[in-house]
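The following walks through a predicted model.

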Amino acid sequence: MKNSMVVIVERKDFQNLFDVLSKRGYQISGPTLRDNAVIYDNISAVEDLPVGWTDHQEGGRYRLEQTNKKSLFACVVGPHTWKKILYPAEHTFIQVKRNGSKLEITSAEKKPPKSALIGVRPCELHALAIYDKVLKDGPYPATSYLQRRQDLFIVAVNCVNPGGTCFCASMNTGPKATSGFDLALTEIINNDRHYFVVETGSKLGADLLKEIPNKEAGIEETQTADKALQKAAARMGRTLDIKGIHDLLYRHFDDPHWGEITKRCMTCGNCTMVCPTCFCVNVEDTTSLDGRQAERLRKWDSCFTVGFSYIHGGSIRATETSRYRQWMMHKLSYWQNQFGTLGCVGCGRCITWCPVGIDITEEAAYFRKNDK
Amino acid sequence: MTPKPKPKLAVWKFASCDGCQLSLLDCEDELLAVANAVHIAYFPEASRAVAKGPYDISLVEGSITTPHDAERIHKIRRMSKYLITIGACATAGGIQALRNFKDVKDFISIIYAHPEYIETLNKSTPIADHVFVDFELRGCPINKYQMLEVVNALLNGRKPNIPNYSVCIECKRKGNVCVMVASGIPCMGPVTQAGCGALCPSYNRGCYNCFGPKETPNTSSLAALYEKLNVSHDDIVRMFRTFNAYSEPFRKESEMYEK
């Protein structure tokens, strides 16, 4: 945004962000500690953030560690994604009542609270843009998503401390937020000084910032932030070469290596549940025992289940190999045909949260290496 | 117009602990609605009043372990329009199927003062090994909501919403953190069928596979992961040999790790 401005907010004034958002009626969600991980939940104060914690992520492994620094955002993405709030795991959207011989169909959508998200990572902003394209801007928008997206206030956090399974630099989705936010922060701890370089991304963001003590950013402060982000881009835990990836995977559609991957793949669906761009849902109808009332609900589904591709007569993707290939090729190939972008934003969740640590970047590299 | 007669429901017991039948009685809030929708015609655990068959819906709990039961299940099948098995015993042979890995005669002589009175089959087997089963409901015990869902779907002529996918999917929908990835706790979730609502992982425990193998379970990949988590071979055998020990995928995997 041309009119964006960059200011400095000191750490001691950071609580003001929470207070101003609360005062304006936002329900605030952000990263917080639970069950040995950083998850997204309702928060109301700086202390709710994972203060002083950092994470170590590898294929199938996630561990937290306490550090001497009092960073608020030293942990990168965890097992939750913002779809938890914007496109909930289970959602009832239609209610039906039998009235004599007639059926009365009513919407079950309820207006959700106005939401503010604190700590949205650049890769996640790109995932939200994908969600917008699929769920909001298409010919059949999802009402519940529209309602939740409408009044959303987004505080992005740039990643100065990329994780072990991060590869946003490869996907051109980070580590610096470029659009899709109201405010974007870069957290800097320099000797004894702890501050945030804050960039505005919307009028609303700029307006809100007026109520938080800040000062104009000096050249040295912005340079420090820029340098930290350049360094971050250079030390991503993973890389994925996306040049010609669409055709590369098509060329290897019948490669026996897919079968090798599914010796390990348990088709448990964890990768799809933690993916910030996976949007597939199943629709279920339930009835009351007496058959007088019914509800239609939506649940997150996964292309790793047999039922996912079930049509009359059976499942199209009965083998585990066909299901893994569908998932990976959808992210890196078919998505481009379908939506004009890649379906992967390089957050690395599918690598970390795969119990057996199957690594999309490794598998892509295998196909590239064995490409004639 | 005379109202349609209510479908007759019967509940049968074979070798089992009664826990699954109790799940039906445990439907406290819904019990009146159930009694309104069906005629509970045979349910000795709940009532001495017995109505004669045939029955529209037979719920069968327990596994086949005696020659007498192997006969009885055929009679029940003949009297039942729909036969639905409830629980791990009826669906996989239950915890008592652990004896299938040994010679049952060895136990009889050790445990009973008068082994000559004991008439038992060498193996504990699921109902589907003996008669045609219309639907199998998993769990040790079953989930009462799944129980209601199956009866409900049958009454309303729709397909029951009982998924065959992994516990992981319902675990993540619930917002749980993976206990295996974040805490290194061995968990059976990736090979176990959903239905319990990811009960144990919700309390930071690994899944015990009460609901048996999911569709296309990759047990060898999970067992290899357990080895990396320093689970001994003996313990891997034990993990696969619980309530669903004699289900084919779990039986085979446990045999791979047996000395």
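Chain B is split into two domains: domain 1 covers 8-155 and domain 2 covers 167-257. Between the C-alpha centres of domain 1 of chain B and domain 2 of chain B the separation is 25 Å.

The two domains of chain B meet at an interface. On one side, 17 residues of domain 1 of chain B take part, and they are in contact with 18 residues of domain 2 of chain B. Together, domain 1 of chain B and domain 2 of chain B bury about 1300 Å², and carbon and sulfur atoms account for 62% of that area. On the side of domain 1 of chain B that touches domain 2 of chain B, nine residues are nonpolar, six are polar and two are charged.

Specific interactions across this interface can be counted as well. Four residue pairs, with both residues at pLDDT 80 or more, are in polar contact between domain 1 of chain B and domain 2 of chain B. The number of salt bridges between domain 1 of chain B and domain 2 of chain B is zero.

Chain A can be described at the level of the whole chain. Its secondary structure consists of 13 helices and 16 strands. The C-alpha trace of chain A extends about 65 × 65 × 40 Å along its principal axes. Chain A has a radius of gyration of 22 Å, which agrees with a compact globule, because such a globule of 372 residues would have a value near 21 Å.

How values were computed
Residues are numbered from 1 along each chain as its sequence is written. Chains are lettered from A and ligands numbered from 1 in the order in which they are written. This is a predicted model: local features need pLDDT of at least 70, side-chain atom pairs count only at pLDDT 80 or more; totals for chains, interfaces and linings use all residues. Side-chain values use heavy atoms; hydrogens and water are left out. Domain bounds come from an automatic or database domain assignment. Contact means heavy atoms within 4.5 Å. Buried area is the accessible area (1.4 Å probe) that two parts lose on being put together, summed over both. A salt bridge is a side-chain nitrogen of Lys or Arg within 4 Å of a carboxyl oxygen of Asp or Glu. A polar contact is a pair of N or O atoms within 3.5 Å; within protein, one must be able to donate a hydrogen and the other to accept it, and residues adjacent in sequence count only if both atoms are side-chain atoms. Ala, Val, Leu, Ile, Met, Phe, Trp, Tyr, Cys and Pro count as nonpolar, Asp, Glu, Lys and Arg as charged, and the others, Gly among them, as polar. Helices (H or I, at least four residues) and strands (E, at least two) are DSSP runs, numbered from the N terminus. The radius of gyration is taken over C-alpha atoms; the globule rule is 2.2 Å times the number of residues to the power 0.38.
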